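Please keep the structure open beside the text and look up each residue as it is named.

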Amino acid sequence: MEWFRKAAEQGYVLAQKNLGTAYEHGVAGIKDEKQAADWYRKAAEQGDKESQFQLGYFYTIGRGVSQDDALAVEWIRKSAEQGLSQAQSKLGYLYLKGKGVSQND
């Protein structure tokens, strides 16, 4: 965790994503969903499609962030546009259910 943090603080996107994952799943006994969301956001802002999806997912359920369907769609769409199939599927579901977007089959 210490080395990931050092790399992440220097802007290394893979380390940021890995810290997000580590905090999300409690690696090294430290589970912190807010920290996970913060690190995913840093990687997402640099264009990492997996982090964009994870951050969007966090927004759909209010995990580590306040629940916000519009922000969920925004981040998931960015990931989907980069070709992440999970994000494309989730975005389709959000349209189907009208969550954060106008309902559209």
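1. Before the helix pairs are described, one convention is needed: an axis is a line fitted to C-alpha atoms, for helices over the stretch in contact, and the angle between two axes runs from 0 to 180 degrees between N-to-C directions. Please also bear in mind that this is a predicted model.

2. With that convention, the axes of α4 and α5 come within 7 Å and cross at roughly 160 degrees. Angles over 145 degrees count as roughly antiparallel, and α4 and α5 are therefore roughly antiparallel to each other. The crossing of these two helices is left-handed. On the α4 side the contact is made by Lys49, Gln52, Phe53, Leu55, Gly56, Tyr57, Tyr59 and Thr60, while α5 contributes Asp69, Leu71, Ala72, Trp75, Ile76, Lys78 and Ser79. Sorted by class, the residues of the contact of α4 with α5 are eight nonpolar, four polar and three charged.

3. Helix α4 (residues 49–61) also meets helix α3 (residues 33–45), and here the axes come within 8 Å and cross at roughly 140 degrees. Because of that angle, α3 is oblique to α4. The crossing in which α3 passes α4 is left-handed. From α3, the residues Glu33, Ala36, Ala37, Tyr40, Arg41, Ala43 and Ala44 meet Ser51, Gln52, Gln54, Leu55, Phe58 and Tyr59 of α4. In the contact of α3 with α4, eight residues are nonpolar, three are polar and two are charged.

4. Which residues have the most contacts inside the largest nonpolar core? They are Leu55, Phe58 and Tyr59, in a core of 15 residues. The elements that give two or more residues to this core are α2 (13–25), α3, α4 and α5, and α3 gives the most, with five residues. Apart from this core lies another, of nine residues, among them Phe53, Ile76, Ala80 and Leu94.

5. Leaving aside neighbours within four places in sequence, Tyr59 is in contact with Arg41, Val65, Ser66, Gln67, Asp68, Leu71, Ala72 and Trp75.

6. Not counting residues up to four places away in sequence, Lys17 touches Tyr40, Ala43, Asp48, Glu50 and Ser51.

7. Glu74 has its place in helix α5 (residues 69–81), and at 36% relative accessibility Glu74 counts as partly exposed. Although Glu74 and Phe53 are 21 residues apart along the chain, their C-alpha atoms are separated by 9.7 Å.

8. Lys99 lies in the segment after α6 (85–97), and Lys99 counts as partly exposed because its relative accessibility is 36%. Not counting residues up to four places away in sequence, Lys99 touches Asp69, Val73 and Leu94. Between Lys99 and Lys42 there are 57 residues of separation in sequence and 25 Å in space, taken from C-alpha to C-alpha.

How values were computed:
Residues numbered from 1 in each chain as written. Predicted model: local features only at pLDDT ≥ 70, side-chain atom pairs only at ≥ 80, totals over all residues. Heavy atoms only, no water. Helix = DSSP H or I, 4+ residues; strand = E, 2+ residues; numbered from the N terminus. Buried < 20%, exposed > 50% of the residue type's maximum accessible area, 1.4 Å probe, protein only. Parallel < 35°, antiparallel > 145°, perpendicular 65-115°, else oblique. Left-handed = near helix turned anticlockwise from the far one by under 90°. Contact = heavy atoms within 4.5 Å. Nonpolar A, V, L, I, M, F, W, Y, C, P; charged D, E, K, R; others polar. Core = buried A, V, L, I, M, F, W, Y, C linked by side-chain atoms within 4.5 Å.
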